[in-house]
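I opened my notebook to record what I looked up, one topic at a time.

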Amino acid sequence: MFTSHVERPVVAPTAGGSPGPDRAAPAEQPPARSGWERLKRRLTPYGFLTPTGVLMAILMLTPIVMVIWYSLLDGVITTKNSAFVGFANYAEVLTDPVFFTAVRNTLVFTVSSVVAHFVIGLGFAMLLNTPLLSHRTKAFFRVIYVLPWLFTVAIIAVLWRLLLNPNGVVNYLLGSLGLTGGQTEWLADPSTALASVTFINIWSGYPFFMISLLAGLQGIPKDLYEAARVDGATPLQQFRNVTVPQLRPIIISMALLDFIWTTQQFALIWMTTGGGPINATEMLSTFTYKLAFSRYEFSVASASAVVVLLLSMVLAFFYVRHQKARD
Amino acid sequence: MSNGARMRYLSAAAIAGASALVLTACGSGGDAGVGGGSDGGDVTLEFAQWWEPELPDGAFRELMDKFEDENPGITVELLSGPYASTKEQVLAGAAAGTMSDVVGLDGAWVNDFAKQGAIADLSALMADDGFDDSQLVSQVQVDGSTYMIPVVNFVYPMFTNDDLLAQAGVDTPPSTRTEFQDAAEGITALGDNTYGWVLPLSLEAPNGVQNDVMSWVWASGGSMLDDGQPALTDNPDVESGVQFVADLWDAGVVAPGSFTMKEQDKVEEFTNGRVGMMIDSLAHVTTIQEANPDLQFSISAIPAEDGYSGERGIPYASWGIGVAENSEHKAEAMKLVEFLMSEETNAELSSIANAFPGNTESVPDFVEDNELFATAFEIYQDGYPANEFTGLPVAEELMRQLGEQLQKTLNGDQSVDDALTAAQEQWESEF
């Protein structure tokens, strides 16, 4: 979403642009420049910026402002004359018990996903970075491991719905190994649904971590490891004192981005469980969607969306601060 | 220049630019207007629907050409898309006041659009035009006025797998609830992952509540409404219908996976022969026959309460039609509605759509050459189309609310009475 790309360079040209000509102005230039020319000179950089500014205003600012405005009105879109109701819509959202179920589910879903993405991603990245395997073998496994990332969400949802079907492959395998009764309703049972969608999300998202961490691993200078070995460090000590500190900036960036993206996961949940059974997999995204497109309560949905926006902005704030600290 | 001043300039420039763009967009949008140009007295009607893509290529356009020939001076422009995008388009049009002159409607949207003032009162238009509404099979009304006319109907009878029933020792499809439960238990007892019945209760697409749960109530002449208001409690018909579903669940005859199952999963379970009986749209007959040509199945009326001998309500979904309130050509729009509802056109449309006509006099062709459809048509004519969700406010959300309560009941968290009481409360707040 918009939170992740803050286009800092936008202001940069003005900072470097306008003082330049003034400083370079030679002494023999006519001293009295007309006011119009001076104004033109000053405005020129803004002229260059206008296309970006207009695009940002239309594509980012307008929708956000509209949603915030809608959240303060009553019965917006569905009635002709909506009245200003202040924070009544926020009160409605924040007193709805389902909203808190959604917050809790979103947290469980997101934290488990991010942690698992990191652990699995790092594990596979280290396997792929090992000097023990030939390049060809590593290339082969790189393709295999990255596969889940190449499917679109719709395909992933259909695939796992079939696999996890009570008559599906997963149940058949687990049943024939004697691990389960062979008829588990993974997605349809309130006690297993949240874990199941989290598992699907982990499966579909770890390659992103893996690829980034692999790039990071390949960038760690070999001499650091040599030095560590000379000092008598064991492989575990090398991992703790060389690998992890070297990867830390990537790990933090990836974890924050993944956290932001996963909190906003909608399609996967909607296409596998629709937020059910009962409220077992209700997330902030499905909660807001139902308000808007099932109950047509666009005002309340806007209020819920603004709450989600604020939560995302907290995360985005940490991300931007971390990026700045790196620069 | 200070940073603040720079930002102010930047914002001003951006806002000026944005306004210019928005104004240009409004300008060009304004020309299109609703209903198109009317030069030389000719009228162009916009007709937004999802029907054309679901019919054989060119078939719907042919009907429109016929209408244009019969009504010189009126041109019909078809705006066709899949169901879901038509819904969004109509919803956006209703909000912005730019709805097409004639719109395809689903009964579930009617109440919201009527309350919003987006669709026109057809009762008044029919009266102005002297149209005889007694030939219509049904009309969807809000506060006593008609806002949608079902053009063709897709009914939901009971499908039974002949082989599974025979193996379970049942000769004829069940026609009462007791017979149904016995048959379901017999089929489930065959083992090998076979179940008697299938119940899709997905909260994403909650129409199972309408087609697979409330259908039991309607089939015994019951109603979930009282004078247009929700009546889920103190209503023996609803209680016994929902209790029956819960009993089937407790008897273990319902295929697993219900809570996330959707209509297409239900059809798949039946097609694969894993489920003996289901309630489903007649529109799926061809799909089932194509996917599993060896499957022998029959169609019959949904079983009623033991001893019930009245007319049976049969759930249906419609392609409905309505006229936009903002249309400048309501009289011409009404002509198109009347054309589609006329005996001959309606029979033709039903034939190409494999659906049942919205005109009482029309008889579609396929009824004569296909035994399954002929049986279904008999069921349709013997009973009455019943779908009480059409015309209700936020109909889909009502289904979802009841669906969620049912899930809790079936999960053992509450009784049937508690579920109905909770759903009644939720429904009341939506009316």
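My entries on confidence, the chain contact, a sheet and helix packing follow.

**Ground rules.** I am reading a predicted model, where local features need pLDDT of at least 70, side-chain atom pairs count only at pLDDT 80 or more, and totals for chains, interfaces and linings use all residues. Residues are numbered from 1 along each chain as its sequence is written, while chains are lettered from A and ligands numbered from 1 in the order in which they are written.

**Confidence in chain A.** I checked pLDDT, the predictor's confidence in each residue, from 0 to 100. Chain A averages 86, and 89% of the residues score at least 70. I then asked where in chain A confidence is lowest. It is lowest in helix α1 (residues 12–17) of chain A, at a mean of 40. The highest value in chain A, 95, belongs to helix α5 (residues 97–128). Helices here are DSSP runs of H or I with at least four residues, strands are runs of E with at least two, and both are numbered from the N terminus. I also noted that residues 1–27 of chain A stay under 50 in pLDDT. For that stretch the model has 22 contacts beyond four places in sequence. A contact means that two C-beta atoms, placed from the backbone, lie within 7 Å.

**Chain A against chain B.** I looked up who takes part. The contact takes 31 residues from chain A and 32 residues from chain B. Helix α3 (residues 35–70) of chain A gives the largest share of the chain A side, seven residues. By class, I found 14 nonpolar, 14 polar and three charged residues on that side of chain A. Nonpolar covers Ala, Val, Leu, Ile, Met, Phe, Trp, Tyr, Cys and Pro; charged covers Asp, Glu, Lys and Arg; the others, Gly among them, are polar.

**A sheet in chain B.** I traced an open sheet of four strands, in the order β7-β10-β6-β11 (chain B), with mixed pairing. Strands pair if DSSP finds at least two bridges between them. β7 (195–197) and β11 (297–300) of chain B are at the edges with a single partner strand each, so one side of each has no neighbour in the sheet. The twist averages 15 degrees from one strand to the next. Strand β6 (residues 158–161) of chain B runs antiparallel to β11(B), joined by four bridges. Thr160(B) has Ser298(B) in β11(B) as its bridge partner.

**Helix α16 of chain B.** I followed this helix to two partners. Helix α8 (residues 208–219) of chain B packs with α16 (residues 395–410) of chain B at about 60 degrees, with axes 9 Å apart. Axes are lines fitted to C-alpha atoms, for helices over the stretch in contact, and angles between N-to-C directions run from 0 to 180 degrees. That makes α8(B) oblique to α16(B). Angles under 35 degrees count as roughly parallel, over 145 as roughly antiparallel, 65 to 115 as roughly perpendicular, and the rest as oblique. Val209(B), Gln210(B) and Val213(B) of α8(B) meet Met399(B), Leu402(B), Gly403(B) and Leu406(B) of α16(B). I counted five nonpolar, two polar and no charged residues there.

Next I turned to helix α17 (residues 416–430) of chain B, which packs with α16(B) at about 160 degrees, with axes 9 Å apart. The two are therefore roughly antiparallel.
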